[in-house]
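Subject: Structure handover

Hello,

Here is the structure for your files. My notes on it follow below.

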Amino acid sequence: MPEENTELFERYTSLAPVEAALAAARAAGKPAILDFYATWCKDCVRMEKGTLADPRVRAALKGYALIQADVTETNAETNAIKQRYKVLGPPALLFFAPNGEEKTALRFYGYRAVPEFLALLEKI
């Protein structure tokens, strides 16, 4: 796990802490990003080492609650996270407004390059 991403996202492997982190973001009035990640997912690793490591992206993410659902292992805990948010698997990014409402039109699966990702952030 690259250190840059460890600093950027809070990583969880079960539903309760993911929901608690989203609730804390809502209570603080912060937008949030929920990233579905797995170590075996090539596009996840590409996003982590490329797009999410880019200094422009890191600067743009400063005001966000950054939550990562690590679904590397397939088990009841990770399946519960995927079912709750209706995500089949990684990579998937879900964006939440400061009021906690998911911006479903912005949800995406797969890799996004830096310019595309920065444009998405402007829509939250």
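Which residues on the other side of H3 are exposed? They are Lys-42 and Lys-49, where exposed means over 50% relative accessible area and buried under 20% (1.4 Å probe, protein chains only).

This is a predicted model, in which local features need pLDDT of at least 70 and side-chain atom pairs count only at pLDDT 80 or more, while totals for chains, interfaces and linings use all residues. Residues are numbered from 1 along each chain as its sequence is written, and side-chain values use heavy atoms, without hydrogens and water.

Helix H3 spans residues 42-49, and its buried residues are Cys-44, Met-47 and Glu-48. These lie on the same side of H3 because they cover an arc of only 100 degrees around the axis, taken from the directions from the helix axis to the C-beta atoms. Helices (H or I, at least four residues) and strands (E, at least two) are DSSP runs, numbered from the N terminus.

The structure has one cavity of 30 Å³ or more. On a 1 Å grid over the protein atoms alone, a cavity is a set of points where a 1.4 Å probe fits but cannot get out, and lining residues have an atom within 4 Å of a point. Volume is the space filled by probe spheres set on the points; for the largest cavity this is about 40 Å³. Its lining residues include Asp-35, Tyr-37, Leu-52 and Gln-68. Strand E2 (32-37) and H3 each give two or more residues to that lining, and H3 has the largest share, with three.

Regards

Note on methods. 1 Å grid on protein atoms, 1.4 Å probe; cavity = no way out; pocket = protein on both sides within 12 Å on 5 of 7 lines; lining within 4 Å.
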